[in-house]
Amino acid sequence: MAEERGGGVSTAVKEEVRAGTIPLVVKELVAGGVAGGVAKSAVAPLERVKILFQTRRAEFQSIGLLGSFRKIVQTEGLLGFYRGNGASVARIVPYAALHYMAYEQYRRWIVLGFPNIGKGPVLDLVSGSIAGGTAVIFTYPLDLVRTKLAYQVYACHILIYELLSFYFILPEQVYRGIVDCILKIYKQNGLRGLYRGVGPSLYGIFPYSGLKFYFYEEMKSRVPEDHKKGISVKLACGSVAGLLGQTLTYPLDVVRRQMQVEALSTANNETGRGTFESLVMIIQTQGWRQLFSGLSINYLKVVPSVAIGFTAYDVMKSWLKVPSRDEVAAISVVTENSNHAEA
């Protein structure tokens with residue numbers, strides 16, 4: 001049976017996977033990292049404003065989306081839209097690389113370990129959920145740094161000084177970059193401080209990541225075979241997948257953001273709340289609507305971000321000549337059986 005499944009795989013693909021100059025896992029890491037970086041940079045301005053809404057930055061609460069854009073331009077200049085984006089890209093590249101690679105790897109392990117489980121969207125739901133948790137654990141400190149940097153708002157001339165000098169001391173305590181932020185957090189709170197808010201991140205990423213892959217693969221499965229490779233189809237499937245997944249898990253994202261900036265906000269005098277306590281506190285003091293603060297902006301961000309991410313990943317896999325999942329799975333079965341036979 002294994003030989004029959006592997007018989008349909010081309011010799012060229014077999015040789016590339018077995019003896020290939022670039023291992024399959026490395027190709028998936030590269031494809032995922034590029035996809036994440038491209039998608040994140042494309043929506044950086046919306047991400048900045050969304051974080052300011054989520055964390056209840058006082059001067060941004062009542063001026064709306066367009067007003068927020070104007071205020072950022074007036075106070076920080078155009079560079080203000082990319083405040084914290086360096087940390088964001090630094091986080092998203094390894095995060096996306098691990099996320100996509102882990103998804104493919106977990107998917108293969110499940111198929112090999114449980115051959116009767118089938119290859120429907122449920123497989124993508126489980127693989128995507130576990131992959132999301134794996135990626136979060138390894139890259140969360142960079143997400144924390146990104147949020148703290150994006151939360152800071154100060155005048156354009158100060159921003160310019162910060163960009164020109166590593167040693168310029170600001171009149172108030174701020175983080176002067178990724179490394180400075182990490183060192184200060186670690187000095188004040190240790191390793192635990194670098195994982196502040198990781199609870200809701202994990203609670204949110206398991207369903208979001210799984211649902212995102214689930215919806216994407218489910219919709220692609222309903223597209224006629226001759227249209228599946230079209231970029232417009234991938235963009236459409238990715239947009240809807242991201243939109244549905246994010247809507248269902250957005251409140252946990254708000255809780256995570258407020259936990260991350262708790263020490264910076266003068267409005268929060270208490271620290272050390274857990275995920276559930278923070279959720280209750282937000283509902284009691286800020287109202288349940290705050291759990292969906294910035295959601296409209298997130299819709300504008302998620303639609304292009306997830307769509308671009310999935311599309312860029314598929315395009316990169318094609319460019320790197322990554323074989324299809326079925327081909328890799330068939331080769332893995334043949335190789336595993338051959339090793340057992342030789343043993």
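Author: Helices here are DSSP runs of H or I with at least four residues, strands are runs of E with at least two, and both are numbered from the N terminus. Read along the sequence, the pattern is α-α-α-α-α-α-α-α-α-α-α-α-α-α, with 14 helices and zero strands in the chain. Please keep in mind that this is a predicted model, in which local features need pLDDT of at least 70 and side-chain atom pairs count only at pLDDT 80 or more, while totals for chains, interfaces and linings use all residues. Residues are numbered from 1 along each chain as its sequence is written, and side-chain values use heavy atoms, with hydrogens and water left out.

Now to your pocket. On a 1 Å grid over the protein atoms alone, a pocket is an open set of points with protein on both sides within 12 Å along at least five of seven lines, whereas a cavity is a set of points where a 1.4 Å probe fits but cannot get out; lining residues have an atom within 4 Å of a point. Points are joined across faces, edges and corners, and a volume is the space filled by probe spheres set on them. On these terms the largest pocket has a volume of about 920 Å³. It is lined by 22 residues, and K220, K234, K317, S324 and R325 are the closest to its centre. Two or more lining residues come from each of α7 (121-151), α10 (198-221), α11 (231-260), α13 (295-319) and α14 (325-342).

From first C-alpha to last, the 25 residues of α13 reach 35 Å, close to the 36 Å expected at 1.5 Å a residue; the expected span is 1.5 Å times one less than the number of residues. α13 also has a kink of about 30 degrees at K301, shortly before the proline P304. The bend is the angle between axes fitted to the seven residues ending at a position and the seven starting there. Just after α13, K321 takes a positive phi of about 60 degrees.

Further along α13 sits I308, which is partly exposed because its relative accessible area is 25%. (Buried means under 20% relative accessible area, exposed over 50%, and partly exposed in between, with a 1.4 Å probe and protein chains only.) I308 lies 8.4 Å from S239, C-alpha to C-alpha, although the two are 69 residues apart in sequence.

The structure holds seven of them. In one, the side chains of D314 and K234 meet at 3.3 Å, N to O. D314 belongs to α13 and K234 to α11, so this pair ties together parts that are 80 residues apart in sequence. D314 counts as buried because its relative accessibility is 14%, and K234 counts as buried at 12%. Salt bridges with shared partners join D314, K234 and K220 into one network. K234 and K220 are also among the residues closest to the pocket's centre.

Finally, what about enclosed space? By the cavity rule, there are seven cavities of 30 Å³ or more. The largest cavity has a volume of about 670 Å³. Its lining has 35 residues, with K40, R91, Y95, I205 and Y208 nearest the centre.

Technical notes:
A salt bridge is a side-chain nitrogen of Lys or Arg within 4 Å of a carboxyl oxygen of Asp or Glu.
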